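Me: I'd like a close look at one part of this structure: the places where its chains meet. Could you walk me through that in one go, starting with the charged side chains?

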There are 4 protein chains.
Amino acid sequence: MGTTRLEAFSDGVLAIIITIMVLELKGPAGNTFSVLAPLAPAFLSYVLSFAYIGIYWNNHHHLLHTCNKVTGAVLWSNLHLLFWLSLLPFATGWMGENHFASLPTATYGFVLLMAALAYHVLQKAIIRSQGSDSLLERALGRDWKGKISIAVYVLGILSASWFPMLAQGLYLAVAIFWFLPDTRIEKVFHSRET
Amino acid sequence: MGTTRLEAFSDGVLAIIITIMVLELKGPAGNTFSVLAPLAPAFLSYVLSFAYIGIYWNNHHHLLHTCNKVTGAVLWSNLHLLFWLSLLPFATGWMGENHFASLPTATYGFVLLMAALAYHVLQKAIIRSQGSDSLLERALGRDWKGKISIAVYVLGILSASWFPMLAQGLYLAVAIFWFLPDTRIEKVFHSRET
Amino acid sequence: MGTTRLEAFSDGVLAIIITIMVLELKGPAGNTFSVLAPLAPAFLSYVLSFAYIGIYWNNHHHLLHTCNKVTGAVLWSNLHLLFWLSLLPFATGWMGENHFASLPTATYGFVLLMAALAYHVLQKAIIRSQGSDSLLERALGRDWKGKISIAVYVLGILSASWFPMLAQGLYLAVAIFWFLPDTRIEKVFHSRET
Amino acid sequence: MGTTRLEAFSDGVLAIIITIMVLELKGPAGNTFSVLAPLAPAFLSYVLSFAYIGIYWNNHHHLLHTCNKVTGAVLWSNLHLLFWLSLLPFATGWMGENHFASLPTATYGFVLLMAALAYHVLQKAIIRSQGSDSLLERALGRDWKGKISIAVYVLGILSASWFPMLAQGLYLAVAIFWFLPDTRIEKVFHSRET
């Protein structure tokens, strides 16, 4: 199996995840401004999750670009990543409906954490498939970016019971952190060409 | 990242948006003709939104055709456009259920307006990626079409409080305006070939 | 725009239509055999609609195969066809819930009729795009198959008020009629090669 | 019709099936730990079904790889397989909501059984399309793996009335059985190359 098909399937699943989340936004019963206000948390949760899926889609593409051999481990760690991301619409809807209450906020962070760990596992599987002198391994280095994100998610989950809004801020911070262009993989590709 | 993958992902998202809107159409409880009549606004909203997504899909394709380098700005302005379009099913359902009431009508117009602005931003990002002598910049000229649409959306949103049906008429007018073939991009492509 | 992208988008929309129909099948509240029985009409409606979308997908592919130039008319008649097919999940769900009552049965037939007419319009648009000596025109001949289907749908809609089960039988008959292999397009392709 | 398009359409349908299942997971009303516990069966059902669709996607790809001619029989047995798989979200949701009660558990097993039989029929259709000395026929041998799975599903359905948890264990066992790499097709491909 080439990476093309793995990528096409992942793209399809990510496109569906990013779009069905909107089904969690339910049109309010009345039609005055006052009915729109309670929708704000649901809307903000949607924005955050949309950004997260966009970021994953983008990074996932660069990641698979380094992969030239789809082993069983790569295939299943990829599905494992998609599994956790597929839970994001559920967590988003629940968090939005409950106006960022503690438990849904912690659950949302848990889904993000599991997705980040799954992404880490997928990276390892690709590195293993490349043998020694792995292009991806050099690009990632010690992967501080991935490790810091995981630490911040854990912090967010722990703080959600007392300060759910702090947890939200932490999730947002990680999103911004990843939104800023990451050129590690491109750099290694470039250095190899020269 | 080539435009192929950007296009494939956008196509996927647009195909899902255009299709899940139908889930907002709920089969009425009874089965006599009288239960079908209240469905008319929901149905008409669906027709309008279907046309809008069709138009965006078509124009988006022509737009990406002029793009030969996917910069970070292009990638994120594209996701930004998809974000606003993904809110159309929500706005459509809400407007249809409330029989074109003022607030849902204004909200619908707001989503259209933001999508139009996002489209404008995407155009700018592609133009910037092309440097001076941008093919797209020449094709668009002063982009009267885009500017007039935005003005009409604003007019629609403002009028929705007093004359929601006028707002609907304005949204429909913009759709027809864009439905008519737009050959600006094709012309520039053609002129370059000769 | 080449046919490849038109086909990919149509495939995406058809894949979503055929799959979201299952969302209309709601798990019954209890868990004894007696709660499954009322699901039968919903299940049978789903089977019929699944077969119809499968048939359209198959024929649509052959149809687009004859098309080598995507004109504006082809593009919009294709979206028009997708529009009516996108209403099938709604009609299916409504018909199933109401156990094949008259009005939902007639509505279902109406959606099938409009889809058949839209398919006819799409054929005409492709034929016009091919100019004289159209490959598709020769393949279709007088298109008895299309015309008979349309007549049977009309008959079904008319009979639905008195004999809804007869209407169901007629819809089923058309599906079987199209399910049987149709080799008109392949024959003309073949004759041209020799 | 080439296998490419059949594969793309199947991939689309499978990507949608695997993703819309999450819509069956409904955010609980409260936000304490006690409201999460009743979600466990729904979550576990989702995990199992996600794994099943992942396995089918993977095997389906290898299967179609052996197919070089899409006959009508191949096309329709493929749609038939997708039909049964498309019922998995319904069965998953119903089983999860009812906490693995007997009837939903048996229904879930029935859907798995029908999908397995449909897969068997698709294999036969591909073998028939390849004529004598079929690559796939040699790869499958007596297809003990497929036959054992079918037997275990039947056992699961029968046991569901008395021991629904045994049935769940049997379904899980088959998933693990298929999850382990299956190299039959690859072996034959390899032997042919040498």
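Reply: One cut-off first: a residue counts as buried when its relative accessible area is under 20%, and as exposed when that figure is over 50%. Also bear in mind that this is a predicted model. The mean pLDDT of chain A is 89, with 96% of its residues at 70 or more, and the predictor scores the complex with an ipTM of 0.89 and a pTM of 0.92.

Now the charges. Side chains of opposite charge can pair when their charged atoms come close. Searching the whole structure turns up eight salt bridges over all chains. Take A:Arg5 and D:Glu7, which form one of them, their closest N and O atoms being 3.3 Å apart. A:Arg5 sits in helix H1 (residues 3-20) of chain A and D:Glu7 in helix H1 of chain D, so this pair joins two chains. Are these two residues buried or exposed? A:Arg5 has 8% relative accessibility, so it counts as buried. D:Glu7 comes out at 16%, so it counts as buried too.

You'll find this kind of pair again elsewhere. B:Arg5 and A:Glu7 meet in a salt bridge, with 3.3 Å from N to O. That pair also crosses between chains, running from helix H1 of chain B, where B:Arg5 lies, to helix H1 of chain A, which holds A:Glu7. Both B:Arg5 and A:Glu7 are buried. Then there's C:Glu7 with D:Arg5, again a salt bridge with the closest N and O atoms 3.3 Å apart. C:Glu7 is in helix H1 (residues 3-20) of chain C and D:Arg5 in helix H1 of chain D, so here too the pair joins two chains. With a relative accessible area of 16%, C:Glu7 is buried, and D:Arg5 counts as buried at 8% relative accessibility. Back where chain A meets chain D, there is a network: A:Arg5, D:Glu7 and D:Asp11 are joined by salt bridges that share partners.

Chain D puts in 33 residues and chain A puts in 26 residues. The size of an interface is often given as the accessible area lost when the parts come together. Here about 2,600 Å² is buried, and carbon and sulfur atoms give 77% of that. On the chain D side, D:Asn31, D:Phe50 and D:Trp57 supply 24% of the area that chain D buries against chain A, more than any other three residues. The count between chain D and chain A is two salt bridges, and four residue pairs are in polar contact, both residues at pLDDT 80 or more. Which elements of chain D give two or more residues to the side that touches chain A? They are helix H1 (3-20), helix H2 (33-36) and helix H3 (40-65) of chain D. H3(D) gives the most, with eleven residues.

On to chain B against chain A. This contact takes 26 residues from chain B and 33 residues from chain A. Chain B and chain A bury about 2,600 Å² between them, with 77% of it on carbon and sulfur atoms. B:Arg5, B:Phe9 and B:Trp76 account for 29% of the area that chain B buries against chain A, more than any other three residues. H1(B) has the largest share, eight residues.

How do the copies relate to each other?

Chain A and chain C have no contact, and their closest C-alpha atoms lie 9 Å apart. For chain B and chain D there is likewise no contact, with the closest C-alpha atoms 9 Å apart.

Key
Residues numbered from 1 in each chain as written. Chains lettered and ligands numbered in written order. Heavy atoms only, no water. pLDDT = per-residue confidence, 0-100. Contact = heavy atoms within 4.5 Å. Buried area = accessible area lost by both parts, 1.4 Å probe. Salt bridge = Lys/Arg side-chain N within 4 Å of Asp/Glu carboxyl O. Polar contact = N/O pair within 3.5 Å; in protein donor to acceptor, adjacent residues only side chain to side chain. Helix = DSSP H or I, 4+ residues; strand = E, 2+ residues; numbered from the N terminus. Buried < 20%, exposed > 50% of the residue type's maximum accessible area, 1.4 Å probe, protein only.
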